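Here is a friendly briefing to read alongside the model. Keep the viewer open and follow the topics in turn.

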Amino acid sequence: EYDIVTELTPTERAAMFRFTFPENEHSYVVVDAFDKGSYVKIDAANNRIIGYSTKNSGGVPANFKNYFVIEFDKPFTYQATVADSIVKENGTEQQADHAGAIIGFATKKGETIHARVASSFISPEQALLNLKELGNDDFNTLVEKGKAAWNDVLSKIEVEGGNLDQYRTFYSCLYRSLLFPRKFYEVDAQGQIVHYSPYNGEVVPGYMYTDTGFWDTFRCLFPLLNLIYPSVNKEIQEGLINTYKESGFFPEWASPGHRGCMIGNNSASILVDAYFKGVKVDDLETLYKGLIHGTENVHPEVSSTGRLGYEYYNKLGYVPYDVKINENAARTLEYA
């Protein structure tokens, strides 16, 4: 309704926005850092806004923050901060339950303004480091690089003999199959793989993937990843080992930490299937130790992690009906 066209194109941890504005003395961009505790700071000298959001839907430690940085390619002629719906003109910094920022400039008809954006779960400095993924590429170059990245991933499987609609269905399904689990690791200033742990709140070395439930994906998605994308799945398996090291359990539903979803101990199938298909982690001793631990314990706070009713299953071979554990038949099948 304001005659503004907004486009965006991503890298793995960053993105570029392209805004095409009409002729207007007062063209604005509003940055909403969400409620539940947030922070913004306007750095006009660098055409930059930095901040963080703590808003989440659970599954995170108390110190969780999503840090962000936004750099524009046009100086600001207007700036304001927002604290809980109160606009403070010429403000540069705001910490509130619901913080935000507004920047503006005069624009000519058809003028394009770019915003380079990156985020980090580690620190504002790491968010700036992640911004370097965009390099010096312009918007169209990033679009082509993104297209090439997806083509490279999707072309690992070549199909033939069908019609156009069948090809579209196949590759659309393959695309959706590869959206999760999601990378939760970052690359530090020394080029080392590190991650903020959604299990203990610390920044630790190594891989971490999240936002995936193993209930049923162990049957189809992960065997596919083992066969077609073994190098990526090795990273995922290494991340599972790290989850065990950081929390005492392999995840059953990670989003981003342990979540109380579904039943079963399907991480065992994920890990063992990868091993037998030749996708082998470096620390097999810890993998085996974690597998056994999961058959003899249940997470103290998230009962879907580990094996609820393991005492009965290990003694009787099943989880009985009359021990106040729901879905006992399904749990028995899953543990088997």
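Tyr-52 has Tyr-67 as its bridge partner in strand 6. Helices (H or I, at least four residues) and strands (E, at least two) are DSSP runs, numbered from the N terminus. The model is predicted, so local features need pLDDT of at least 70 and side-chain atom pairs count only at pLDDT 80 or more, while totals for chains, interfaces and linings use all residues. Residues are numbered from 1 along each chain as its sequence is written, and side-chain values use heavy atoms, leaving out hydrogens and water.

**Overall picture**

- The protein chain has nine helices and 18 strands.
- Its C-alpha trace spans about 75 × 55 × 40 Å along the principal axes.
- Of the 336 residues in the protein chain, 45% are buried; buried means under 20% relative accessible area, exposed over 50%, and partly exposed in between, with a 1.4 Å probe and protein chains only.
- Contact means heavy atoms within 4.5 Å; among contacts in the protein chain between residues at least 6 apart in sequence, 62% join residues at least 24 apart.

**Strand 5 and its partners**

- Strand 5 (residues 48–53) is largely enclosed by the rest of the structure, because five of its six residues are buried.
- Two strands pair if DSSP finds at least two bridges between them; strand 5 and strand 6 (residues 66–72) run antiparallel and are joined by six bridges.
- Strand 4 (residues 38–43) also pairs with strand 5 in the antiparallel sense, over six bridges, and Ser-38 stands opposite Ser-53 in strand 5.
- Four residues lie between the strands in the hairpin of strand 4 and strand 5, where Asn-47 takes a positive phi near 50°.
- Tyr-52 also has a charge over its ring: the charged end of Lys-65 sits 5.0 Å from the ring centre. The criterion is NZ of Lys or CZ of Arg within 6 Å of the ring centre and within 35 degrees of the ring normal.
- Elsewhere, Lys-280 lies over the face of Tyr-275, at 4.7 Å from the ring centre.

**Nonpolar cores**

- A nonpolar core is a set of buried Ala, Val, Leu, Ile, Met, Phe, Trp, Tyr and Cys residues joined through side-chain atoms within 4.5 Å.
- The largest such core has 23 residues, of which Phe-222, Leu-225 and Phe-250 touch the most other members.
- Helix 4 (221–228), helix 5 (230–247), helix 6 (267–276) and helix 7 (284–295) each supply at least two residues of this core, and helix 5 gives the most, with four residues.
- Another core lies apart from it and has 21 residues, among them Val-29, Val-31, Phe-72 and Ala-96.
- Beyond residues up to four places away in sequence, the residues that Phe-222 touches include Pro-181, Phe-214, Ile-236 and Ile-270.

**Aromatic rings**

- A search of the whole structure finds 19 aromatic pairs. Rings of Phe, Tyr and Trp (its six-membered ring) pair if their centres lie within 6.5 Å; planes under 30 degrees apart count as stacked, over 60 as edge-to-face and the rest as tilted.
- Phe-17 and Phe-19 are stacked, at 5.9 Å centre to centre with 20° between the planes. Phe-17 is partly exposed at 24% relative accessible area, whereas Phe-19 is buried at 11%.
- Tyr-185 and Tyr-207 form an edge-to-face pair, because their planes are at 85° with the centres 4.9 Å apart.
- Tyr-185 is in strand 13 (residues 185–187) and Tyr-207 in the loop between strand 15 (203–205) and strand 16 (209–210), so the pair ties together parts that are 22 residues apart in sequence.
- Phe-17, Phe-19, Phe-21, Phe-72, Phe-76 and Phe-105 form one aromatic cluster.

- Thr-107 is in strand 10 (residues 99–107) and is buried, with a relative accessible area of 4%.
- The side chain of Thr-107 reaches the backbone oxygen of Pro-22 at 2.7 Å.
- Arg-116 lies in strand 11 (residues 111–120) and is partly exposed at 21% relative accessibility.
- The side chain of Arg-116 reaches the backbone oxygen of Gly-135 at 3.1 Å.
- Arg-116 and Arg-18 are 98 residues apart along the chain, with their C-alpha atoms separated by 9.0 Å.

How values were computed:
Polar contact = N/O pair within 3.5 Å; in protein donor to acceptor, adjacent residues only side chain to side chain.
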